[in-house]
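Here are my notes on this model, point by point. Please read them with the structure open.

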Amino acid sequence: MSFFPDVLEVKYEGPESRNPLAFKHYNPEEVVAGKKLKDLLRFSVCYWHTFRGTGGDPFGPGTMVRPWDDGSESVDNALKRVDVAFEFFQKLGVDYYCFHDRDVSPEGSSLRETNHNLDKIVARLKENQESTGIKLLWGTANLFSNPRYMHGAATSCNADAFAFAAAQVKKAIEVTLELGGENYVFWGGREGYQNLYNTDMKRELDHLASFMHMANDYAKNIGFKGQFLFEPKPKEPTKHQYDFDVAACVNFLRQYGLTDMVKMNIETNHATLAGHSMYHEMEYARIQDMLGSIDANTGDLLLGWDTDQFPTDIYLTTQCMLVILDQGGLAPGGINFDAKVRRESFEPIDLFHAHIGGMDAFARGAKIAAKIREDGVLTDFVKDRYSSYDSGIGAEIESGKASFETLEKYMLEKGDITPNKSGRQEYLENVINMYV
């Protein structure tokens, strides 16, 4: 039985194609910057929005038409959903997927029953992985939806909530290992506070660090060699999340001795909510050697919440790919479409249109970024802009030989600075436009 009978297989047909179910720019075998696009981009489909999203919002119930889903939280429905997902992955032509534990499997009346349910679903996931060759990019645990986590999970004031979260993450790491997952993500959905009047911030941060150290210790004990990822997100749902942005996360990891264990999984819409660009967040992580993976989406700049739209802005994808190419790729991370179709795009075929557009946008961004780097139009300009540090007093500053005393002597003798050069921002924006 086919769950998507109108789609046979999405193939590359080139930029002249007008087939809405074909790639115009993503040719998985095409070599860009020395790598096949499928290996450079490492596309992944998220389970939660794609197969669990309903289209509901604060003003109304869901709109999505999903003929295969009976709307129940039964194990049988979850098992059917696995088969639907893998048909979608295959027809779309992606190599990876991602999930939270509660996306794929229903919660039971106890932790024991919940784990038993998950084991059944994991067995079906594994069967499908083995028969299709599709792999798990990363797994994670949903530590934010159940009311037990109303005060947070690892940062909860209730020690029992901390303990339950630890048991849940233990199981999630086990199933990620069982499925050959290449990464494991920590997203602190409610790890933050609403009001400092009732919050011991220092204690909560200490607890979060202890939790991540425990997770790392357990992962090593069971032989999980995947990469741990920490996902920044400001505000929403709490007023102040502890994982506000990359800088806050890196500072936390350094303070608690976690930098050798964890890298960043960065999402575009979260960068927007933090008041940053995705370019900034990715570059900051890269220069700290902390860029691990990305969640590919975009937000609506006219709205102040996490809209999780599919990325179609070629400037955005080009900027992302400039950073990824500077790093030499994302592996073992990848580009995960943490994005959802709009409430009005309710038919199953819309899932294909959305992912095809995002994959084409990133393929175009990769090719543009590779050409920009090949021509050196940014690197040569930046190198020249900082050339005063390549010799003379600048080289002494960078080598650590300069002091306030020697710099004062230098300027007293020189009298004033060498005239500044223009930053030529508008010129460079025009140059980028030539490539896009």
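1. Start at the end of a helix. α8 is followed by G257, whose phi is positive, near 65°. Helices here are DSSP runs of H or I with at least four residues, strands are runs of E with at least two, and both are numbered from the N terminus.

2. Some ground rules. The model is predicted: local features need pLDDT of at least 70, side-chain atom pairs count only at pLDDT 80 or more, and totals for chains, interfaces and linings use all residues. Residues are numbered from 1 along each chain as its sequence is written, and side-chain values use heavy atoms, with hydrogens and water left out.

3. Now α8 itself, residues 246–255. V246, C249, V250, F252 and L253 are buried. Buried means under 20% relative accessible area, exposed over 50%, and partly exposed in between, with a 1.4 Å probe and protein chains only. Seen down the axis of α8, the buried residues fall within an arc of 160°, so they line one face of the helix. The arc is taken from the directions from the helix axis to the C-beta atoms. An α-helix has 3.6 residues a turn, so residues three or four places apart point the same way. N251 and Q255, on the other side of α8, are exposed. The cover over the buried residues of α8 includes α7, β10 (227–230), β12 (262–267) and α10 (278–287).

4. Contact means heavy atoms within 4.5 Å.

5. Look next at F352, in helix α12 (residues 349–375). F352 counts as buried, at 0% relative accessibility. Leaving aside neighbours within four places in sequence, F352 is in contact with F4, V7, V10, L21, F88, K91 and L92. F352 and L21 are 331 residues apart along the chain, yet their C-alpha atoms are separated by 7.2 Å.

6. T268 sits in helix α9 (residues 268–273). T268 is buried, with a relative accessible area of 5%. Beyond four places in sequence, T268 is in contact with M278, D295, N297, T298 and L316.

7. The largest pocket has a volume of about 1,300 Å³. Of its 41 lining residues, H49, G56, D306, D308 and K340 lie nearest its centre. The largest share of the lining, three residues, comes from α2. By class, the lining has eleven nonpolar, twelve polar and 18 charged residues. Ala, Val, Leu, Ile, Met, Phe, Trp, Tyr, Cys and Pro count as nonpolar, Asp, Glu, Lys and Arg as charged, and the others, Gly among them, as polar. On a 1 Å grid over the protein atoms alone, a pocket is an open set of points with protein on both sides within 12 Å along at least five of seven lines; a cavity is a set where a 1.4 Å probe fits but cannot get out; lining residues have an atom within 4 Å of a point. Points are joined across faces, edges and corners, and a volume is the space filled by probe spheres set on them.
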